Amino acid sequence: MSEAVLATKDLRRSFTQGEVTIDVLRGVDLSIAPGEIVALLGPSGSGKSTLLQAVGLLEGGFEGSIRLQGEEASNLDDEGRTRLRRELLGFIYQFHHLLPEFNARENVILPQLVFGTEPKAAQERAEQLLTVLGLGQRLDHKPAKLSGGEQQRVAVARALANKPPLILADEPTGNLDEQTADIVFAEFLNMVRKEGSAALVATHNERLAARMDRVVRLNEGRLQ
């Protein structure tokens, strides 16, 4: 059996407000196999985003083990965490966070250049991904000239650009109307499966969750 692309053990996160300690994650054990797409369900405030921030190595203050493709990440310094994020992870958020001064193609090229990809190969990869996502005629458009659904498609292409083993998506269609969300989410699933990445997708949408390989539920800081 292939080693898990993500494995957490007894993952915990607490916040202190004045004299009150709030336990957001209370010992989360989660394993995701290569290529597996997992829905993370839970009500608002259940800790979904906190869990994604933890496994995405975006914030400190966590206790427990986080292993990415077998490498223990929880004790790494900033340089080590940056290396794992760059090599192993792709991120998609509810709001696309595209760079407004760059066009669609350039938004997908830039993370590849940071990764060390040659410019010509980066451009070809960006155009291929965007064309598959239906944006072949919109490559030179800046985000302000794209619809919400088109912007999120660019964000999907950007997340997949470096062929990461794991995609972390936080309500990736939560800012879209239902019809557009359905279309973009279907394209997201198709692209992730085609690329062979695994994904952990936080959502509150049961209907979208049912289209993934497995559903886990986070409630009061624990997975059910």
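A polar contact is a pair of N or O atoms within 3.5 Å; within protein, one of the two must be able to donate a hydrogen and the other to accept it. Keep that idea in mind as we walk through this structure, which is a predicted model.

You will find Asn162 in the loop that joins α5 (148-160) to β7 (166-170). From there, the side chain of Asn162 reaches the backbone oxygen of Pro111 at 3.2 Å. Leaving aside residues up to four places away in sequence, Asn162 touches Pro111, Gln112, Phe115 and Thr117. Is Asn162 buried or exposed? With a relative accessible area of 18%, Asn162 is buried, because buried means under 20%.

Next, turn to the sheet. Strands of a sheet pair through backbone hydrogen bonds, either parallel or antiparallel. Here, four strands make an open sheet in the order β2-β1-β4-β5, and the pairing is antiparallel. The strands at the edges are β2 (20-32) and β5 (71-72), each of which pairs on one side only. Further in, β1 (residues 6-17) and β4 (residues 62-68) are paired in the antiparallel sense over six bridges. Helix α1 (residues 48-55) lies across β1, β2 and β4, and runs at about 120 degrees to β1.

Now look for Arg13. The charged end of Arg13 sits over the ring of Phe15, 4.1 Å from the centre of that ring. Arg13 also lies over the face of Phe62, at 5.1 Å from the ring centre.

What about rings that pair with one another? Across the whole structure, a search finds two aromatic pairs. In one of them, Phe91 and Tyr93 have ring centres 6.3 Å apart and planes at 5 degrees, so this pair is stacked. Phe91 counts as buried at 18% relative accessibility, whereas Tyr93, at 31%, counts as partly exposed.

The rings of Phe185 and Phe188 have their centres 5.7 Å apart. Their planes stand at 40 degrees, so the pair is tilted. Why are Phe185 and Phe188 separated by about one helical turn? They are three residues apart in helix α6 (residues 178-195), which accounts for that spacing. Phe185 and Phe188 are both buried.

Key
Residues numbered from 1 in each chain as written. Predicted model: local features only at pLDDT ≥ 70, side-chain atom pairs only at ≥ 80, totals over all residues. Heavy atoms only, no water. Pairing = 2+ DSSP bridges. Helix = DSSP H or I, 4+ residues; strand = E, 2+ residues; numbered from the N terminus. Contact = heavy atoms within 4.5 Å. Axes fitted to C-alpha atoms, helices over the stretch in contact; angles between N-to-C directions. Buried < 20%, exposed > 50% of the residue type's maximum accessible area, 1.4 Å probe, protein only. Phe/Tyr/Trp six-rings, centres within 6.5 Å; stacked < 30°, edge-to-face > 60°. Lys NZ or Arg CZ within 6 Å of the ring centre and 35° of its normal.
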